[in-house]
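Subject: Predicted model for your review

Dear colleague,

Please find the structure below, followed by an account of what was found in it.

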Amino acid sequence: MQDLVGPALGTVALVAVGGYLLGSIPFGVILTRLLTGEDVRSIGSGNIGATNVLRTGRKDLAFATLILDAGKGAAAYLIAQALFPGVPALAAIAGGAAFLGHLFPVWLGFRGGKGVATFFGLLLAAAWPLGLLAGATWLLVAALFRMSSLAALLAAAAAPVYAVLPLAALGLPVPAPVAALALFTAVLIWIRHHENIARLLKGAEPRIGAKKG
């Protein structure tokens, strides 16, 4: 029995560390520094995600950041899935570690983004119907209330529910590790959005497209 424990723990550690390092790549910082000479952490909210990159005035860099941040979560999950087929827990661990890497990147002193793009990339890779439902929720809330943070919070909160209830009822069951991953990432998104939540409660959260001043 002990002969099996060592390799198993080693595999989990390898998957977790690999996923974390992939998720830690700060694409927003790299792209803005290389192509504008600016440090995205010194402008706007100081966040490294696509929304703050957009404040540089470069829509192309913001879009690239969005795709790459989503892609690194998806890549971590899919690589682990390909290396260890039939073991969804390992893919979920890799995806969760990549998500942690984005939030707490070792290269930036563990001060990273809020994880929304990486969250959607993960869900689409792990269970595309779940990712589509969460994305549709974001779009609906954003269209109704014009608040990106509120849309992200409600989409994240809805994802674990979708994983357990509607998709199963439609004959599209989500594996338990993926449902757990959805819950794990949703909790962290809410924690990382604590400042946005405070502004929402005060009615001070800016709306999409609103001009400052």
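Helix axes here are lines fitted to C-alpha atoms over the stretch in contact, and angles run from 0 to 180 degrees between N-to-C directions. Helices are DSSP runs (H or I, at least four residues), numbered from the N terminus. The model is predicted: local features need pLDDT of at least 70 and side-chain atom pairs count only at pLDDT 80 or more, while totals for chains, interfaces and linings use all residues. Residues are numbered from 1 along each chain as its sequence is written, and side-chain values use heavy atoms, with hydrogens and water left out.

α5 (88-103) and α6 (residues 116-126) pack at an angle of about 170°, their axes being 10 Å apart. This makes α5 roughly antiparallel (over 145 degrees) to α6. The contact (heavy atoms within 4.5 Å) involves G95, F99 and H102 of α5 and T118, F119 and L122 of α6. By class, it has 3 nonpolar, 3 polar and no charged residues; Ala, Val, Leu, Ile, Met, Phe, Trp, Tyr, Cys and Pro count as nonpolar, Asp, Glu, Lys and Arg as charged, and the others, Gly among them, as polar.

The axes of α4 (residues 59-83) and α6 come within 7 Å and cross at roughly 40°. α4 and α6 are therefore oblique to each other, a class that holds the angles left after under 35 (roughly parallel), over 145 and 65 to 115 degrees (roughly perpendicular). Residues on both sides make this contact, including L66, Y77 and L78 of α4 and G121, L122 and A125 of α6. They divide into 9 nonpolar, 3 polar and 2 charged.

Nonpolar cores

A nonpolar core is a set of buried Ala, Val, Leu, Ile, Met, Phe, Trp, Tyr and Cys residues joined through side-chain atoms within 4.5 Å. The largest has 34 residues, of which Y77, F119 and L130 touch the most other members. α4, α5, α6, α7 (128-145), α8 (148-164) and α10 (176-192) each supply at least two residues, and α10 gives the most, with 7 residues. A second, separate core of 9 residues includes V29, V40, I43 and V53.

Yours sincerely

Technical notes
Buried < 20%, exposed > 50% of the residue type's maximum accessible area, 1.4 Å probe, protein only.
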